[in-house]
Amino acid sequence: MSDYLHLLSLPFMQRAIIAALFTGLAAPVVGTYLVQRRLALMGDGIGHVAVTGVALGLLTGVSPVWTAVLVSVLGAILIEVIRERGHANGDVALALLFYGGLAGGVLITGLAGQSGARLQTYLFGSITTMSVGDVLVTMGLAGAVVLLGIGLAPQLFAVAQDQEFAQVAGLNIRVYNVLVAVLAAVSVSVAMRTVGLLLVSALMVVPVATAQQLTRSFRGTLLAAMALGMLAAVGGLLISAAAPDGTTVQPGPTIVLLALACFTVSWPVGVWLRSRQRMRRPFPVVAAAAHQTIDEHPHDHGDDCGHVAVPHGDHVDYVHDGHRHAPHGRHYDEH
Amino acid sequence: MSESPEVHAGPVIALTGGAVAIAGRPILRGIDLAVRSGEFVALMGANGSGKSTLVRALTGLHPLAAGSLRLFGTPYDDFHDWRRVGYVPQRGSAASGIPASVWEVVASGRLTHRPLFRPLGRRDRAAITDALEVVGLADRAGDGVSTLSGGQQQRVLIARALAGEPDLFFLDEPTAGVDLPSQQVLADSLRTLSARGATIVLVAHELGPMAPLIDRAVVMRDGRVSYDGPPLTHDQVHHPDLAHDLAQDLAMVHLDHVDQGHGHHHDDPARHDHAPHVAGPLDGSGEVGR
């Protein structure tokens, strides 16, 4: 135990914790807007394109984070343009871009004379090798993503919710669409050191999917996703650090699996909540057809009778073996 | 509702010689339409007659291929006062990929009044509450929109437009697929709006309970206006001969052609597709923003 505490007190570990905290906060902010647009896989696409950016950094000697930001922003804007102009075949166009990004990245890494192991630190993350400079860049970019993602939430929400309404309300929807794409690209580049480019999208999307099992408002989903993302990122890092000697537990996959574990726990709760809500949704009020009474009823319906009570106009129907029983005087009516 | 910044006696909407092309195919041709302040106009016609396209052109969602459009007396290109316009798009649902509460969806109607990076003010909250009361959903403000029925979701979308306190409303088929009791509530909401002096342009396939509210009917047919005048009965709208006779009687508009074999539209399975969807992966649709 004291070994573990000692490990946590080491500077590289503290840098890693700070980086995980900021990444975990920022990634779900963008993820929320992507899920709202039903573009959950866009983060994956940008991640693939960013591989080429990293490789260009390795080739030119520039810091791979910056080349990744640059190339993934360009890729994200290209994806957005294709999405805006394309019809139903937009996903095919996106797929072409994804494969191009990954293949280009591997090819350029080879040209640069770098080993696959070097590229792998970006593909699967290397949070424990971050320098002070890396951490500062992570904090700055993640902070900008959170600030814009929350500050412009009303506008981004409206554009993602109903683009045509937002356009008639006078919003420049193209600016906001590109902004989301750019924020996604920046988040990908930021999270690349934490969980790696191939797992980035998990940190953006899984906390959102977990949060929306339990929430019913956008604001609640956004904030809960941020909290869950932070929990998964920091928790995953701490768990991987606690691995016994002689085993290698990488932080990136641990973080993603922890996020998925949270989803696995929340999903059945969400299923239950939704089915409960569906059962209790009021029956429509329409002019009654011929109405039928039940004379012999072995059971008194009431608040705690165990049968689902569903509002129906000015009274309540009890759902009883596929029938809808409405109390009427001293007997029940079939509704 | 809100004080108009400039006084103008002319029509709220003035479209002359309007034409719309989608992907290069002419859809609307030669549309002249003027709507006066406070009028309640129903745009009617069969599926594919161009009534929704016309509303989308009036809101700027489809660019005009020809003709000129003035809103509140200002040429469209110079018009930036979008807070005076409320739009209820044709949508089956108010839900999206993330849960959103009724309040949040309606609050997005206040965007025309809110500066960037500012939270909702007191006036914003009052307008949202009022909008929810008009459509009768004040008690559901905190519920998720996806838990509401189709008719209630349509009322949320109307409340969203209402929250911006506009003078001019465009509603695109708000009653499509909505049960009769909800249609009645929608009609009551529109009656309240109209009584407050709002100008309303309603696209409707069938008017149902909204029929008594209408001041004027405009019937679209194959991308042209085929009738413009006092309200019509359902049969008159959908039986071209009747509309034709009536139009001639009133000497309002002439029908260019009447295809006789086109009686009741419900029996017509062929949907009039404005532009065939044939595209390679990187081809543009010719339409921006879809």
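**Salt bridges between the chains**

A salt bridge is defined here as a side-chain nitrogen of Lys or Arg within 4 Å of a carboxyl oxygen of Asp or Glu. By that criterion, the count between chain B and chain A is three. In one of them, the side chains of Asp162(A) and Arg160(B) meet at 2.8 Å, N to O.

**Basis of the model**

This is a predicted model, in which local features need pLDDT of at least 70 and side-chain atom pairs count only at pLDDT 80 or more, while totals for chains, interfaces and linings use all residues. Residues are numbered from 1 along each chain as its sequence is written, chains are lettered from A in the order in which they are written, and side-chain values use heavy atoms, with hydrogens and water left out.

**Interface**

Chain B contributes 47 residues and chain A 44 residues to the contact (heavy atoms within 4.5 Å). The two chains bury about 3800 Å² between them, 58% of it on carbon and sulfur atoms; buried area is the accessible area (1.4 Å probe) lost on putting two parts together, summed over both. In chain B, the residues that lose the most area to chain A are Ile98(B), Leu111(B) and Phe117(B), together 16% of what that side buries.

**Second largest cavity**

The lining of the second largest cavity has 14 residues, and Phe165(A), Val85(B), Gly86(B), Gly109(B) and Thr112(B) lie nearest its centre. A cavity is a set of points on a 1 Å grid over the protein atoms alone where a 1.4 Å probe fits but cannot get out, and lining residues have an atom within 4 Å of a point.

Note on methods. On a 1 Å grid over the protein atoms alone, a cavity is a set of points where a 1.4 Å probe fits but cannot get out, and a pocket is an open set with protein on both sides within 12 Å along at least five of seven lines; lining residues have an atom within 4 Å of a point.
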